[in-house]
Amino acid sequence: MIVFGAPKIERDEIDEVVRCLESGWIGTGPRVAQFEREFASYKDAPYAAAVSSCTAAMHLSVLAAGMGEGDEVITTPMTFCATVNAIVHAGATPVLADVDQQTMNIDAAEVEARITSKTKAILPVHFAGRPCNMKALIDISQRHGLKLIEDSAHAIETEYHGRKAGTFGDFGCFSFYATKNVTTGEGGMVLTKSEEDLARIKMLALHGLSKDAWKRFSDEGYRHYFVVETGFKYNLTDLQAALGIHQLRRVEANWRRREEIWQRYNEAFANLPLTLPAAPELGTRHAYHLYTVLIDEARAGISRDAFLDAMTASGVGVGVHYLSIPEHPVYQQKFGWRPEDYPNATRIGRQTVSMPLSAKLRDEEVSQVIEAVEAVLSAESKGQGAKSKTASAKSKEQSAERHEPQGLALTL
Ligand SMILES: Cc1ncc(COP(=O)(O)O)c(C=O)c1O
């Protein structure tokens with residue numbers, strides 16, 4: 001089985017983790033500080049604070065941006081639930097603006113149309129690693145006096161007209177989850193423009209303890225700390241940073257490998273009855289985090305969900321990024337959101353399939369993915385859909401017996 005999003009972990013990471021274990025300091029410490037410095041330098045950003053996840057990064061950013069009860073934050077319906085949940089956790093109200101159907105990124109005109117006197121921030125997502133229209137979003141945020149927080153979970157390598165994603169807004173939030181382009185297993189980072197914002201994020205990420213409380217057990221000797229806010233437990237550990245330091249050194253090599261795989265898929269799928277991802281925009285750099293195709297049943301002769309099953313039956317782990325936010329019951333109940341009010345995100349969410357794109361994939365595995373897609377679509381066009389569904393059901397039963405992962409479990 002090709003596991004969707006399997007990380008590429010090499011000897012350097014493993015050795016660093018062992019050295020960290022042997023050092024006696026596995027919590028937040030010098031390796032986290034090094035990872036922060038090196039990440040900030042890679043992103044050409046003045047300040048970086050490592051945290052336990054991108055969800056934590058966004059929660060703290062929304063708080064540090066001063067959002068709270070009664071404040072509205074505009075975000076996209078084409079994202080992982082974490083983006084919306086972070087706004088809710090901070091006590092603010094999420095408002096959705098539909099996406100552009102080609103780029104799958106938040107549509108600036110939709111953002112502008114949703115602005116009210118309560119709007120205080122915009123939280124765009126650079127979906128799949130493609131930068132949002134930052135020129136338009138910055139213009140809107142400046143004209144309306146709004147904070148800008150970038151969900152850059154997919155966008156470590158992303159650039160927009162010479163500037164790096166996550167450095168446009170007041171806060172840039174990154175994920176180092178297992179499937180991400182740089183992984184620490186779980187982890188996140190916040191980039192800030194000001195030292196004050198950095199200090200607030202760091203303090204909130206460690207219970208609200210006063211400055212540099214993590215040093216309280218260091219060889220500088222015990223230092224008293226004070227609790228100055230009721231913060232959270234969102235710190236990254238040195239064990240995780242040990243992975244991140246070496247992952248970051250290979251970020252460009254891995255990006256080049258994913259670009260190659262992306263091009264191979266583009267060529268192989270060009271004449272198949274599916275919609276390919278939009279080509280990267282001129283003057284920008286795509287992070288190639290997700291390769292998403294659209295399966296329109298009327299054109300492909302197979303439903304998206306049957307396609308997912310058939311791919312899994314062929315031994316290829318695939319993902320869905322994402323069923324749109326208004327499809328989920330909790331948001332329908334809490335905010336009254338309806339899928340039909342966000343037609344572009346809804347259509348994408350019902351048709352989208354993510355192909356494996358890990359830098360770990362060998363050439364023969366990329367060929368296996370391509371052959372599986374061709375076989376599934378050609379079986380359907382020959383009217384053998386029922387057959388492939390039976391095969392899929394059979395394979396599911398078999399892998400359940402063998403306790404194999406189904407591929408979808410890892411696809412955040
Ligand atoms: C767009 C987006 N935002 C936020 C997150 C949350 O990241 P994390 O798992 O690091 O909290 C994810 C994670 O998959 C994501 O894809």
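This is a predicted model: local features need pLDDT of at least 70, side-chain atom pairs count only at pLDDT 80 or more; totals for chains, interfaces and linings use all residues.
**Entry 1: H246 and its contacts**

Leaving aside neighbours within four places in sequence, I found H246 in contact with D12, E13, E16 and R19. H246 itself lies in helix α8. Is H246 buried or exposed? I read a relative accessible area of 9% for H246, so it counts as buried, the cut-off being under 20%.

**Entry 2: α1 against α8**

Next I looked at the two helices as a pair. I noted that a pair of packed helices is described by the angle between the axes and the distance between them. Here the helices are α1, residues 11-23, and α8, residues 238-249. Their axes come within 8 Å and cross at roughly 150°. That angle makes α1 roughly antiparallel to α8, because angles over 145 degrees count that way. I also wrote down the handedness: α1 passes α8 in a right-handed crossing.

Which residues of α1 and α8 meet? From α1 I listed D12, E13, E16, V17, R19, C20 and L21. From α8 I listed D238, L239, A242, L243, H246 and Q247. Sorted by class, this contact has 6 nonpolar, 2 polar and 5 charged residues.

**Entry 3: the nonpolar cores**

Then I turned to the cores. The largest nonpolar core has 32 residues. Y265, F269, F307, M311, M355 and V373 have the most contacts inside it. The elements giving two or more residues to this core are α9 (251-269), β11 (291-294), α11 (304-313), β12 (352-355) and α14 (363-381). Which element gives the largest share? I found that α14 does, with 7 residues.

Not counting residues up to four places away in sequence, F307 touches I295, I302, V353, M355, V373, V376 and L377. There is also a second, separate core of 30 residues, and A121, L198, I201 and A205 are among its members.

**Entry 4: L276 in a loop**

Where is L276? I found L276 in the loop between α9 and β10 (284-285). Its relative accessibility is 26%, so L276 counts as partly exposed, a class that runs between 20% and 50%. Setting aside residues up to four places away in sequence, I saw L276 touching N266, F269, A270, Y291, T292 and V293.

Last, I checked a distance. L276 and I295 are 19 residues apart along the chain, and their C-alpha atoms are separated by 9.5 Å.

Definitions and conventions: Residues are numbered from 1 along each chain as its sequence is written. Side-chain values use heavy atoms; hydrogens and water are left out. A nonpolar core is a set of buried Ala, Val, Leu, Ile, Met, Phe, Trp, Tyr and Cys residues joined through side-chain atoms within 4.5 Å. Buried means under 20% relative accessible area, exposed over 50%, partly exposed in between (1.4 Å probe, protein chains only). Helices (H or I, at least four residues) and strands (E, at least two) are DSSP runs, numbered from the N terminus. Contact means heavy atoms within 4.5 Å. Axes are lines fitted to C-alpha atoms, for helices over the stretch in contact, and angles run from 0 to 180 degrees between N-to-C directions. Angles under 35 degrees count as roughly parallel, over 145 as roughly antiparallel, 65 to 115 as roughly perpendicular and the rest as oblique. A crossing is left-handed if the near helix is turned anticlockwise from the far one by less than a right angle, and right-handed if clockwise. Ala, Val, Leu, Ile, Met, Phe, Trp, Tyr, Cys and Pro count as nonpolar, Asp, Glu, Lys and Arg as charged, and the others, Gly among them, as polar.
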